[in-house]
Amino acid sequence: MIARIAAVLLALLPFSAMAAENVTTFELDNGMTAVVIEDHRAPVVVHMVWYRVGAADEPAGLSGVAHYLEHLMFKGTDELAPGDFDAIVKANGGSHNAFTAPDFTGYFQRVAADRLGLMMELEADRMRDLALTEEHADTERGVILEERNQRVENEPNALFAEQQRAALYLNHPYGRPVIGWRSEIAELDREKALDFYRTYYAPNNATLVVAGDVDPAEVRTLAEAHYGPIAPSVDLPPRVRPAEPPHLAERRVRYSDPRVAQPYVMRNYLAPERNSGDQRRAAALSILADLLGGSGLTSVLGEKLQLDAQIAIATSAYYNPTSYDPTRFGMYVVPADGVSLEEAETALDRVLQAFLAEGVDPEQLERVKGQMRAALIYEQDNLQSLARRYGAALSIGLTVEDVQSWPEVLQSITAEEILAAAEDVFDRQASVTGWIMRSDQEVTQ
């Protein structure tokens with residue numbers, strides 16, 4: 001009852017409460033774009049630099065080079081020795097890290113607001129002046145190979161997910177793992193990393209996001225002082241990737257491993273991404289994912305398969321719209337004891353067919369919209385999440401206006417739009433259904 005009352009109260013909040021109102025944008029003469037998100041509740045700032053390049057932009061045969069370069073960015077510059085970057089941030093009471101995704105690579109620091117200029121100085125220094133030795137490149141390659149061992153090779157669920165993704169994308173580089181294929185990681189070296197760095201790491205391929213206790217005019221002054229002198233790249237290649245051909249046949253993946261603790265069924269469909277100026281399809285799919293499997297036992301899959309039929313112990317559905325090219329809509333079912341994977345898949349299909357036939361339950365739709373609204377409001381209390389929301393969006397071609405209109409778009413989506421999106425995406429010819437099981441488990445299909 002308390003949760004329901006809270007959801008109702010949140011639903012009464014105006015749309016303006018859901019978007020960061022104090023957002024300023026500007027562009028430097030060298031092409032670097034910037035977003036400033038003001039939040040004066042604490043004397044803290046998050047400083048992020050997003051490069052519009054990720055694992056899906058890697059040349060063929062060099063999978064993992066974007067992630068490899070991310071590691072090497074901490075190995076020193078013409079001005080700083082390896083380890084100095086980390087030491088300076090920590091000495092100033094801050095924290096920092098980086099990440100690589102299919103569509104972007106990001107670097108960030110969280111520090112006291114009066115240290116923003118220092119963070120810009122550090123980040124600008126390594127945008128163009130990275131200094132790599134063969135020894136550092138070789139050592140870091142070994143670190144990444146061990147990272148792959150720990151996170152992928154020794155994790156059957158990760159291996160299964162990797163195989164599923166490779167099967168879903170016939171030609172598009174989204175089918176490659178971000179960390180890279182092991183055989184190709186082993187061939188990475190200093191020159192390959194530097195070639196990638198010189199091609200893509202430039203101010204005209206980067207977005208600066210600053211969130212926190214800052215003044216936009218001061219941020220611009222600092223950005224012009226530190227990033228402004230960096231020359232843009234005149235040879236920045238257009239962002240063109242291999243297109244995905246029409247999918248004419250459903251694909252299936254069966255992965256068996258003696259280390260599997262819990263067998264389950266997973267299905268992924270190709271799905272449209274979120275596009276600037278027209279976000280309704282992506283919004284409908286986001287709501288669809290939450291309706292089907294985003295809220296535990298109160299979701300459609302949870303209610304039908306876990307509570308009513310009691311043939312599953314866990315269910316979920318997911319969709320990430322923040323993608324430059326067509327993305328995935330997926331779901332999984334973990335069967336209860338004594339329930340086969342075949343029975344679990346059959347039950348999943350039965351629930352999806354019933355959903356398409358019966359349509360969207362109005363009460364469930366209102367509940368999901370309230371939860372999504374609440375999540376976006378609460379996210380405003382996390383500077384890093386807020387900065388990521390804008391940085392990721394701008395890195396895939398969305399605008400600040402798209403980000404700020406997203407909450408209202410979500411709330412305006414109709415049941416009819418959700419059902420139409422489901423009917424369009426649930427095309428078995430554009431899907432991969434996977435079973436992960438123990439090596440000794442019988443396969444009946």
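Two residues are said to be in contact when they have heavy atoms within 4.5 Å of each other. Please also keep in mind that the model before you is predicted.

Let us begin with helices α4 and α9. Which residues of α4 meet α9? They are L116, G117, M120, E121 and A124. On the side of α9, the partners are V219, L222, A223 and H226. The residues of this contact comprise six nonpolar, two polar and one charged. As for the geometry, the two axes lie 9 Å apart, and the helices pack at an angle of about 30 degrees. Angles under 35 degrees count as roughly parallel, and α4 is therefore roughly parallel to α9. The crossing of this pair is right-handed.

Helix α11 covers residues 300–308 and helix α12 covers residues 341–358. Their axes come within 11 Å and cross at roughly 135 degrees, so α11 and α12 are oblique to each other. The crossing of α11 and α12 is right-handed. From α11, the residues V300, L301, K304 and L305 take part, and they meet A347, L348, V351 and F355 of α12. Seven residues of this contact are nonpolar, none is polar and one is charged.

I now turn to burial within single helices. In α8, which spans residues 190–200, the buried residues include A193, L194, F196, Y197 and Y200. Viewed down the axis of α8, its buried residues fall within an arc of 160 degrees, and they therefore line one face of the helix. What do the buried residues of α8 pack against? Their partners are strand β3 and the helices α2 and α4. You will recall α4 from the pair it forms with α9.

Is A430 buried or exposed? Its relative accessible area is 12%. Buried means under 20%, so A430 is buried. Leaving aside neighbours within four places in sequence, A430 is in contact with L168, H247, N268, Y269 and L270. A430 also lies 7.3 Å from L248, C-alpha to C-alpha, although 182 residues separate the two in sequence.

V234 is found in the loop between α9 and β7. With a relative accessible area of 75%, V234 is exposed. The C-alpha atoms of V234 and V432 are separated by 41 Å, and these residues are 198 residues apart along the chain.

Q310 is exposed, at 57% relative accessibility. Its phi is near 55 degrees, a positive value in a residue other than glycine.

Thank you for your attention.

Terms used. Residues numbered from 1 in each chain as written. Predicted model: local features only at pLDDT ≥ 70, side-chain atom pairs only at ≥ 80, totals over all residues. Heavy atoms only, no water. Axes fitted to C-alpha atoms, helices over the stretch in contact; angles between N-to-C directions. Helix = DSSP H or I, 4+ residues; strand = E, 2+ residues; numbered from the N terminus. Parallel < 35°, antiparallel > 145°, perpendicular 65-115°, else oblique. Left-handed = near helix turned anticlockwise from the far one by under 90°. Nonpolar A, V, L, I, M, F, W, Y, C, P; charged D, E, K, R; others polar. Buried < 20%, exposed > 50% of the residue type's maximum accessible area, 1.4 Å probe, protein only. Arc of directions from axis to C-beta.
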